[in-house]
Amino acid sequence: MRYASTRSADIISPGREAIVRGLAGDGGLFAPEELNFRIDPADLSALSYQEIAETILSAFFDDFPKETIRTCVNSAYCDAKFDDPAIVPVKPFSDGCFTELWHGPTSAFKDLALTILPYLLTSAYEQCGQNGIVAILTATSGDTGKAALSGFADVKNTHVTVFYPENGVSPIQKKQMKTSRGDNVNVIGINGNFDDCQRIVKAAFASEEVKSACSGVILSSANSINIGRLVPQIVYYYSTYLSLVKQGKIQMGEEIAFVVPTGNFGDVLAGYLAKRIGLPVSRLIVASNSNNVLTDFLETGTYNRNRPFHETMSPSMDILISSNLERLLYLESGHDAKLVSSLMKQLDETGSYTVPSPLLASIQNTFSGFWCSEEDCRKEIRNLYQQEGILIDPHTAVALSALHQYREEGHREYAAVLSTASPFKFSRDVLACIDASPIKDDFEAMERLSELSGLSIPKGLAELKTLPERFDTVIEKDQGIAVIAGEMKELSNG
Ligand SMILES: *Cc1c(COP(=O)(O)O)cnc(C)c1O
């Protein structure tokens, strides 16, 4: 299986090279050159999460030895890293189920990909016959950063630099990043928003100043622009489906809907790939907060990022440029790199583009979009807790609101809501929805939430209170490239 650039027909790489490089050299993203195989869930029904992962990863990365994939999977999805033996438990509620994607080391769904990416990346790198250092540049809206820092900490021949919006992440997210362990990590705040961080990372790949500073250093990315992050996310769509069959909630072969809280479009794109290779999915529901650029796009075919940027309770979805949408345009247009390249140029130059109407129609056959205000988000958290005793985080609440709006249109099929973060990660906001008593900080909020819900605080969050902060650099967004070039020079020397 090979991966082609979304922007030009002549850049094609095997999986391992696509993983090592992260971005195709022309600014495009690597996407499957073709999707001509199927994985029938009925063939996987007796398998564990790890075995499902092995099957799916081996199909997408068939240039890796099967043994290597097995080692990567078992090193990532293990008891030492996940606090639930199922890895991704599926919990029923009154209108479907929650797929709990937050049992990993940093309590958010990014862990499902970022616990395995370091293993995939380093073995791909060795197979490519490379030596030297892989420098991983990562932009974060809060959760990716910590998951990358945790996944790559002290992994040999790698170095990670994370850029986060100084005023755009939650206090807990910031504390998680600043207290990261490892000698090969760096954390930098940007006076800007997530899109600025993402722009810096993308620009670094194209920058001559950065390139010339790299000797024996290869740039890569841990963002969902890396195909090595996307493919592991297909696994939990299958595992959710199989769990539901096992629990007797659905019949094998029955189509179900997935509701996905969406920012950079990585998570929901993995669901799309699952559907394309044979998972019975009726609809992928794209849930947004008040940064509702995708809701508008799915309705009108016009993507327009020229709009106010809102800081919300669900910061990991505060994004106006959803990078992975580019992969959908490519795959759904029949791999029309010319079209994608021209749309992306328009986006770059004018901040907006409109897709041809047949492409919109075909996207609308699979995707629906809904968005949710801050007030409605709070209501979802409060109602679910009061009516069913279940606690969810604000990102998951945005998805629940989208499910309710979808139901109002009359759809009745079974629905799985992807629950992307532990409620403890956003404890202050969650607590405020269900309890009015005053609290002094996030840690007190976590304890109070724990008392009210009977759930224990995840280990990685509980320990934050006493861990020392190691990083405090904050820079202006126009300093990004120079800072990266400086860092690459240092890595090159030593
Ligand atoms: C990253 C993130 C999202 C959005 O996922 P995308 O792949 O960027 O669409 C949603 N919820 C949480 C908690 C996240 O960390």
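In strand E8, Ile 190 is the bridge partner of Pro 165. Helices (H or I, at least four residues) and strands (E, at least two) are DSSP runs numbered from the N terminus. Strand E7 (residues 158-165) pairs with strand E8 (residues 185-191) in the parallel sense over 6 bridges, where pairing requires that DSSP finds at least two bridges between two strands. The model is predicted, and local features need pLDDT of at least 70, side-chain atom pairs count only at pLDDT 80 or more, and totals for chains, interfaces and linings use all residues. Residues are numbered from 1 along each chain as its sequence is written, and side-chain values use heavy atoms, with hydrogens and water left out.

E7 and E8 belong to an open sheet of 5 strands with parallel pairing, in the order E9-E6-E7-E8-E16. Strand E9 (217-221) and strand E16 (473-476) are at the edges with a single partner strand each, so one side of each is left without a neighbour in the sheet. On average, and with direction ignored, neighbouring strands of this sheet are turned by 25 degrees against each other. Axes are lines fitted to C-alpha atoms, for helices over the stretch in contact, and angles run from 0 to 180 degrees between N-to-C directions. Helix H22 (residues 480-493) lies across strand E6 (133-139), E7, E8, E9 and E16, and runs at about 160 degrees to E6.

A further open sheet has 6 strands in the order E4-E5-E15-E10-E11-E14, with mixed pairing. Its edges are strand E4 (90-93) and strand E14 (367-371); each has a single partner strand, so one side of each is left without a neighbour in the sheet. Neighbouring strands of this sheet are turned against each other by 25 degrees on average, direction ignored. Within this sheet, strand E10 (residues 256-261) and strand E11 (residues 281-288) pair in the parallel sense over 6 bridges, and the bridge partner of Pro 261 in E11 is Ala 287. Helix H18 lies across E4, strand E5 (96-100), E10, E11, E14 and strand E15 (415-419), running at about 160 degrees to E15.

H18 (residues 394-408) also packs with helix H17 (residues 374-388), at an angle of about 90 degrees and with the axes 8 Å apart. H17 is therefore roughly perpendicular to H18, a class that covers angles of 65 to 115 degrees. The contact (heavy atoms within 4.5 Å) involves Cys 377, Glu 380, Ile 381 and Leu 384 of H17 and Pro 394, Ala 397, Val 398, Leu 400, Ser 401 and His 404 of H18. These residues divide into 7 nonpolar, 2 polar and 1 charged. Ala, Val, Leu, Ile, Met, Phe, Trp, Tyr, Cys and Pro count as nonpolar, Asp, Glu, Lys and Arg as charged, and the others, Gly among them, as polar.

The model has 2 cavities of 30 Å³ or more. A cavity is a set of points on a 1 Å grid over the protein atoms alone where a 1.4 Å probe fits but cannot get out, and lining residues have an atom within 4 Å of a point. Grid points are joined across faces, edges and corners, and a volume is the space filled by probe spheres set on the points. The largest cavity holds about 260 Å³ of space. Of its 27 lining residues, Phe 109, Lys 110, Gly 263, Asn 264 and Ser 316 are the closest to its centre. Its lining divides into 10 nonpolar, 13 polar and 4 charged residues. The second largest cavity has a volume of about 40 Å³, and its lining includes Thr 262, Gly 263 and Ser 288.

Methods:
1 Å grid on protein atoms, 1.4 Å probe; cavity = no way out; pocket = protein on both sides within 12 Å on 5 of 7 lines; lining within 4 Å. Parallel < 35°, antiparallel > 145°, perpendicular 65-115°, else oblique.
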